[in-house]
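Q: I have a protein model open and would like to go through it step by step. Could we begin with the overall layout?

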Amino acid sequence: MAATTSAAYPPPPPYYKLYKDQTSAPSPPSPLQGTYSVFGNTYTTDDALPSLEEVGLRQLYPKGPNIDYKKELKALNRELVLQMMELADVLVERPSQYARRVEDMGLILRNMHHLLNSLRPHQARATLIRILETQVQRRKQAVEEVRKRRNEARLLLQESTATLENQLS
């Protein structure tokens with residue numbers, strides 16, 4: 001039985017010839033605008049968080065731009081704990097009537113989730129600020145390290161020059 005040899009990797013696709021240098025490369029496609037479809041689902045390029053009413057749910061916290069997120073999340077959490085205790089009571093006393101409590105708990109959880117999602121842009125901004133501050137700090141440390149090494153090299157060069165001048169004279 002004869003052994004056949006084959007390449008370890010397949011050949012590159014033929015369109016690699018389009019990339020001879022940076023100037024001959026085709027330009028990237030323009031960004032999508034509006035709606036698009038992926039695997040049968042329609043999506044939009046608008047990244048706005050839809051309101052609970054748009055999704056078909058009742059909003060349990062006050063509307064408006066000045067929401068105290070901490071206070072509202074605590075209130076929803078207390079309400080969720082209360083609903084869980086009521087669910088336990090209903091399951092013991094009237095097991096057939098548990099569905100309404102479960103729906104109420106789902107609504108509370110969706111409201112909490114929506115509140116948390118509305119904080120995502122603030123979280124992303126704060127994370128980006130922290131990352132940039134860390135990068136600035138690292139670069140300042142790197143510059144300081146380069147300056148320190150440069151001064152050490154200058155001192156060593158001056159010492160070497162002085163030693164050579166002493167040996168030659």
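Q: How many helices and strands does the protein chain have?
A: This is a predicted model, and its protein chain has 4 helices and 2 strands.

Q: In what order do the elements run from the N terminus?
A: The order is β-β-α-α-α-α. The chain is more spread out than a compact globule, because its radius of gyration is 33 Å, well over the 15 Å that the globule rule gives for 169 residues.

Q: What does the C-alpha trace span along its principal axes?
A: The trace spans about 105 × 65 × 45 Å.

Q: And what share of the residues counts as buried?
A: Of the 169 residues, 12% count as buried. The chain exposes about 14900 Å², and carbon and sulfur atoms supply 58% of that area.

Q: What about contacts between residues 24 or more positions apart?
A: Such pairs account for 49% of the contacts with a separation of 6 or more.

Q: Now the helices. How far does helix 2 reach?
A: Helix 2 covers residues 69-93, which is 25 residues. From its first C-alpha to its last it reaches 36 Å, close to the 36 Å expected at 1.5 Å a residue.

Q: Which of its residues are buried?
A: The buried residues of helix 2 are Glu-72, Leu-73, Leu-76, Leu-80, Gln-83, Leu-87 and Val-90. Helix 3, residues 98-118, is included in what covers them.

Q: Glu-72 is on that list; why does it count as buried?
A: Its relative accessibility is 11%, and the cut-off for buried is under 20%. Not counting residues up to four places away in sequence, Glu-72 touches Tyr-61, Pro-62, Ile-67 and Leu-115.

Q: And Gln-83, buried or exposed?
A: Gln-83 counts as buried, at 6% relative accessibility. Leaving aside neighbours within four places in sequence, Gln-83 is in contact with Arg-101, Asp-104, Met-105 and Ile-108.

Q: How far is Gln-83 from Met-105 in space?
A: They are 6.4 Å apart, C-alpha to C-alpha, and 22 residues apart in sequence.

Q: How many residues does helix 3 have, and how far does it reach?
A: Helix 3 has 21 residues and reaches 31 Å from its first C-alpha to its last, close to the 30 Å expected at 1.5 Å a residue.

Q: Moving on to helix 4, where does Gln-135 lie?
A: Gln-135 lies in helix 4, which covers residues 120-168. With a relative accessible area of 34%, Gln-135 is partly exposed.

Q: What separates Gln-135 from Asp-68?
A: Their C-alpha atoms are separated by 32 Å, and the two residues are 67 residues apart along the chain.

Q: Finally, what about the phi of Phe-39?
A: Phe-39 has a positive phi of about 50 degrees although it is not a glycine. Most residues other than glycine have a negative phi.

Q: Where is Phe-39 found?
A: Phe-39 is in the loop between strand 1, residues 35-38, and strand 2, residues 41-44. Phe-39 counts as exposed, because its relative accessibility is 83%.

Conventions: Residues numbered from 1 in each chain as written. Predicted model: local features only at pLDDT ≥ 70, side-chain atom pairs only at ≥ 80, totals over all residues. Heavy atoms only, no water. Rg over C-alpha atoms; globule rule 2.2 N^0.38 Å. Buried < 20%, exposed > 50% of the residue type's maximum accessible area, 1.4 Å probe, protein only. Contact = heavy atoms within 4.5 Å. Areas by Shrake-Rupley, 256 points an atom, 1.4 Å probe, with all protein chains shown as cover. Expected span 1.5 Å × (residues − 1).
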